[in-house]
Amino acid sequence: MTVGIESPNDLDLSLLDLLTAPSLPTSKTAHRRRDAELDPLLLAAALASGPHVTRNHYHHDFFPPVMDPQAQGAYDWTKWTGEEVGSEKEARRGYTYLSRQAPRSKRLQARNVNEASKENHSSPTEVGPPLRANDLPEPTAKKTRSSSVSVVVDTNAGAAPASARSAQVEVKCMARTRIPTPHGPAFLHLYHNNRDNKEHLAIVVDPAQLSYECNPLAPPIRSRSLDAIWSETETEMDRITRGAYVGRLSPDSQTPSKPLTERPVVSGDSIPSPLIRIHSECFTGETIGSMRCDCGEQLDEAIRLISQPITIPSVSPDAAPTTIPGRGAVVYLRQEGRGIGLLSKIRAYNLQDLGHDTVTANLMLGHQADERGYEIAAAILRDLGLGTECGEGVRLLTNNPDKVQALEQEGLRVVERVPMIPRSWQRRHRRAAENVVPAPLALDAEDEAEKERRSGATLIGGGAAHGEDLEKYLRTKVLRMGHMLPIFPERTDKDGIDA
Ligand SMILES: Nc1nc2c(ncn2[C@@H]2O[C@H](COP(=O)(O)OP(=O)(O)OP(=O)(O)O)[C@@H](O)[C@H]2O)c(=O)[nH]1
């Protein structure tokens, strides 16, 4: 596309009228127009877009990339040479009319198109009718199933190693804030990335962030992209508002952080490596307390475990051991329903009610058993300095072998896998060990902490989830998805263990 504006005379004058403010008659009562002056680059862009574009479009997001060259995906018009080739042209085609003044029907239509392209295979028309269970293929082999990293490795012989490729995944921590949780203080980090348009999160448990001193034993877990200086014009207040501060923020204490130059190196044997969980979003389990799965309690349990104080044995036998607050992070990925989206997950639940397990239900809907990838999680961990530069490695809280494998392929050092045992199974193990014969699922047999959780003291889904649906779900994960969890025997009258 070229806009051949050789001289102002070449401009279509009627179009120019639309684009520029007509001069108003000057009288004593007339007010001066307050419109911003026209930028020649905006003018050129408008001319290229056609006669339906008026100056009002400037003020209604028609040219966000022009108005804010820093915006994500922005086209930098200052580099425009008058000609566009190949991919550049394709990229700019994506800038569609976004005016908030467009008719509602048009806006809804545009939104539906966007939503449909975002949610992979999630609309009923895309997915088509469920397949019959008997005709299903076996779940894809483990290596290519869940991690898109593995898929690329397998199909591109001679490709760069995963760690090099995922360097292309860029994440930027847009904001951070302190969140008091029932388990202690946490810092919520919100990330943007160059792979999808979802807001992935990191819940960093690290009370050292509240302190102004750096403990060399356990340096604070800080985001490099957050602490960076974003622009020359950024003020201290801008930095503080987006969370780039140190210590505890209060009306009397506001200390902006400094950009990270080097991360302090922690020797691997001084303290246990930070405990990390990579968790996928589950609206049903985490928001309305669904007990079809254990996602709500897993999120709660992860934050609880990470927050547990760490005891460091002293080097000399006479000295007392030191205790430091627990540290680690939950990387919260917006991969609802193992990446198939909430709509498909709800449909899958109905197929599960018809008697199919969670893997078969996904396959019947034309999905894979697990469609997640972990490159963004790895990039977030790298940004937080976890598993790489500090030399600490991470302890990964999971039963899912795909997560361990995916992080290792991304070049992160997983020094230990810490199992994530469902709370109902933990309880049964305890009772079995104590040889107690419990009434099935009886509340009065629960200890105080469990009662408190169930009364909603923590996350809504944070109690001990249990029930027939959950049992099926957990067993399928172990038996069909290779989760590393010793399956607990169902209740038998002989041992009196509740199912
Ligand atoms: N498709 C589908 N997704 C489900 C179902 N139940 C839970 N999920 C999703 O599974 C995901 C939970 O995964 P994670 O918490 O990361 O755990 P995991 O991969 O099972 O492995 P762990 O780390 O061992 O817990 C969430 O996105 C849930 O929405 C189900 O029945 N069908």
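Begin with the largest nonpolar core, which has 50 residues; select Ile203, Ala329, Val331 and Ile380, the members with the most contacts inside it. A nonpolar core is a set of buried Ala, Val, Leu, Ile, Met, Phe, Trp, Tyr and Cys residues joined through C-beta atoms within 7 Å. A residue is buried if 20 or more other C-beta atoms lie within 10 Å of its own, exposed if 12 or fewer, and partly exposed in between, with C-beta atoms placed from the backbone. Helix α16 (residues 375–383) gives this core its largest share, 6 residues.

The model is predicted: local features need pLDDT of at least 70, side-chain atom pairs count only at pLDDT 80 or more, and totals for chains, interfaces and linings use all residues. Residues are numbered from 1 along each chain as its sequence is written.

Next, select Val331. Leaving aside neighbours within four places in sequence, Val331 is in contact (C-beta atoms, placed from the backbone, within 7 Å) with Ala202, Ile278, His279, Ala377, Ile380 and Leu381. Another core, of 8 residues, lies apart from the largest one and includes Ala348, Val359, Leu363 and Met364.

Now colour the chain by secondary structure: there are 20 helices and 11 strands. Helices (H or I, at least four residues) and strands (E, at least two) are DSSP runs, numbered from the N terminus.

Move to helix α14 (residues 342–353). Select Ser344, Lys345, Arg347 and Ala348, which are buried. Viewed down the axis of α14, the buried residues fall within an arc of 160 degrees, so they line one face of the helix; the arc is that of the directions from the helix axis to the C-beta atoms. The face turned away from this buried side carries the exposed residues Ile346, Asn350 and Asp353. Just after α14, Gly355 takes a positive phi of about 115 degrees.

Finally, select Gly411, in the loop between α17 (401–409) and β11 (414–418). Gly411 is partly exposed, with 16 other C-beta atoms within 10 Å.

Definitions and conventions: Contact = placed C-beta atoms within 7 Å.
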